[in-house]
Amino acid sequence: MASKFFSFLLLLQITYSTFSLALQETSPATNHTGQINSNSVLVALLDSHYTELAELVEKALLLQTLEEAVGRHNITIFAPKNEALERDLDPEFKRFLLEPGNLKSLQTLLLHHIVPARIDPHSWPKSASALTHHRTLSNDRVELTGDNSSGAKFIGTAKVITPNAVNRPDGVIHGIEQLLIPRSVQQDFNNRRSLRSISAIKPEGAPEVDPRTHRLKKLAPPVLPGAPPVLPIYDAMAPGPSLAPAPAPGPGGPHHHFNGMRQVKDFIETLLQYGGYNEMADILVNLTSLATEMGRLVSEGYVLTVLAPNDEAMAKLTTDQLSEPGAPEQIIYYHIIPEYQTEESMYNAVRRFGKVSYDTLRLPHKVLAQEADGSVRFGHTDGSAYLFDPDIYTDGRISVQGIDNVLFPPEEKAKDEKKTIKVATVKSRRGKLLDVACQMLGAIGQDSRFMPCRL
């Protein structure tokens with residue numbers, strides 16, 4: 001009897017184990033199989049306006065990994081705005097991420113923005129002292145902080161600009177203002193950049209031979225920091241690509257280069273605030289190509305002095321003077337000197353040398369400067385202009401001097417030399433015979449019978 005009872009218990013245990021195993025295999029729960037439905041946060045990410053991040057996820061081959069993560073637990077995705085990946089990201093760093101050999105770094109970067117837990121805005125820390133740490137899918141930690149006074153929320157140094165941008169049952173997406181870069185990816189980028197910059201063998205072209213001397217061309221001497229470019233300014237002017245060297249190092253800007261566009265914009269705003277030079281400012285604003293070229297020249301290390309006619313002078317321009325194609329540009333070019341001159345430097349020059357000719361961007365025309373009435377007068381007697389408002393704008397690269405007239409280069413008047421053309425009179429044979437007859441009969445030439453001699 002006892003043996004039958006134990007046999008029944010053993011059969012019952014085997015039946016229960018088999019039933020449990022079959023139940024696990026046929027269970028309808030799909031939370032652990034890695035499959036997702038159309039209402040998943042991952043589908044919402046691919047269909048949202050975070051297009052740049054979605055494209056990077058596809059390029060990094062992370063869809064399968066994220067599907068498995070979503071199938072196991074709720075996730076939180078910190079999605080940078082598109083501008084942070086398009087314009088705010090260093091082009092070299094973005095190029096580094098998209099190289100096929102750096103796929104691991106791209107995957108680490110993207111997984112650093114995903115936390116395998118649901119973080120709702122109400123559970124965010126209220127202050128910087130009450131920070132919390134969360135481990136991401138890249139096995140790194142991120143800090144969550146808040147500002148109690150403004151209510152702002154931060155993850156690391158990035159501000160959360162759109163909390164709960166996408167809310168789904170299996171996860172949530174928070175929009176942030178900038179990219180989160182883990183230390184390992186930054187270190188990998190720095191190492192590769194350093195190796196590329198300190199390469200032992202640099203590719204060089206074949207040596208160039210001067211056809212005149214049949215000798216190797218000597219390399220141009222290096223440009224010292226802050227020194228003006230070696231090439232003339234006309235070689236760097238449009239049209240065509242710039243032949244000038246790299247921008248001269250100088251103060252200001254994230255790359256310690258001259259910001260020419262910023263300086264051109266500053267001096268145009270200064271003209272408007274100074275008053276009386278609105279017409280000149282309007283021309284520079286409307287001729288965007290001219291303002292862009294001036295900014296590019298300044299960025300490449302060149303300096304400019306602008307002789308700015310005031311509004312009264314600009315009002316004297318006739319329609320014929322402005323109607324020809326390119327006339328406004330040529331007028332402005334003649335008022336730009338490729339040197340940095342102040343009122344003091346120009347006055348000292350004309351006091352010392354009497355007359356000084358300055359090059360202009362309107363090649364080959366020059367503008368003449370001389371002393372007159374304790375000031376500097378530009379141009380010739382007809383159509384000259386006085387230095388009316390000195391040093392309106394001076395920043396070390398661009399100098400603006402106000403004048404009271406519009407300058408024009410002296411026209412080369414062609415001298416029409418009247419050539420006297422001597423026409424030789426060829427007499428006919430009949431006339432010659434008459435002359436001979438008159439000479440032979442000179443004595444009786446008074447007779448009326450010799451009428452031909454009187455002709």
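In the predicted model, His174 is in contact with Thr76, Ile77, Phe78, Ala79, Ile119, Pro121, Trp124, Val160, Thr162, Pro163 and Asn164, when residues up to four places away in sequence are not counted. The residue belongs to strand β7, which spans residues 171-176. His174 is classed as buried because its relative accessibility is 0%, under the 20% cut-off.

Strand β7 is part of an open sheet of seven strands with mixed pairing, arranged in the order β2-β1-β7-β6-β5-β4-β3. The edges of this sheet are formed by β2 (114-115) and β3 (132-135), each of which pairs on one side only. Strands β4 (residues 141-146) and β5 (residues 153-155) run antiparallel and are joined by three bridges. Across this pair, Gly146 lies opposite Lys153 of β5.

The largest nonpolar core comprises 31 residues, and Leu53, Phe93, Leu110 and Ile173 have the most contacts inside it. At least two residues of this core come from each of α2 (41-47), α3 (51-59), α4 (63-72), β1 (75-80), α6 (91-98), α7 (103-111) and α8 (183-197). Another core, lying apart from this one, has 29 residues, including Val264, Leu284, Val306 and Val400. Leu53 touches Leu45, Ile77, Ala79, Pro80, Leu85 and Leu110, again leaving out residues up to four places away in sequence.

How values were computed:
Residues are numbered from 1 along each chain as its sequence is written. This is a predicted model: local features need pLDDT of at least 70, side-chain atom pairs count only at pLDDT 80 or more; totals for chains, interfaces and linings use all residues. Side-chain values use heavy atoms; hydrogens and water are left out. Helices (H or I, at least four residues) and strands (E, at least two) are DSSP runs, numbered from the N terminus. Buried means under 20% relative accessible area, exposed over 50%, partly exposed in between (1.4 Å probe, protein chains only). Contact means heavy atoms within 4.5 Å. Two strands pair if DSSP finds at least two bridges between them. A nonpolar core is a set of buried Ala, Val, Leu, Ile, Met, Phe, Trp, Tyr and Cys residues joined through side-chain atoms within 4.5 Å.
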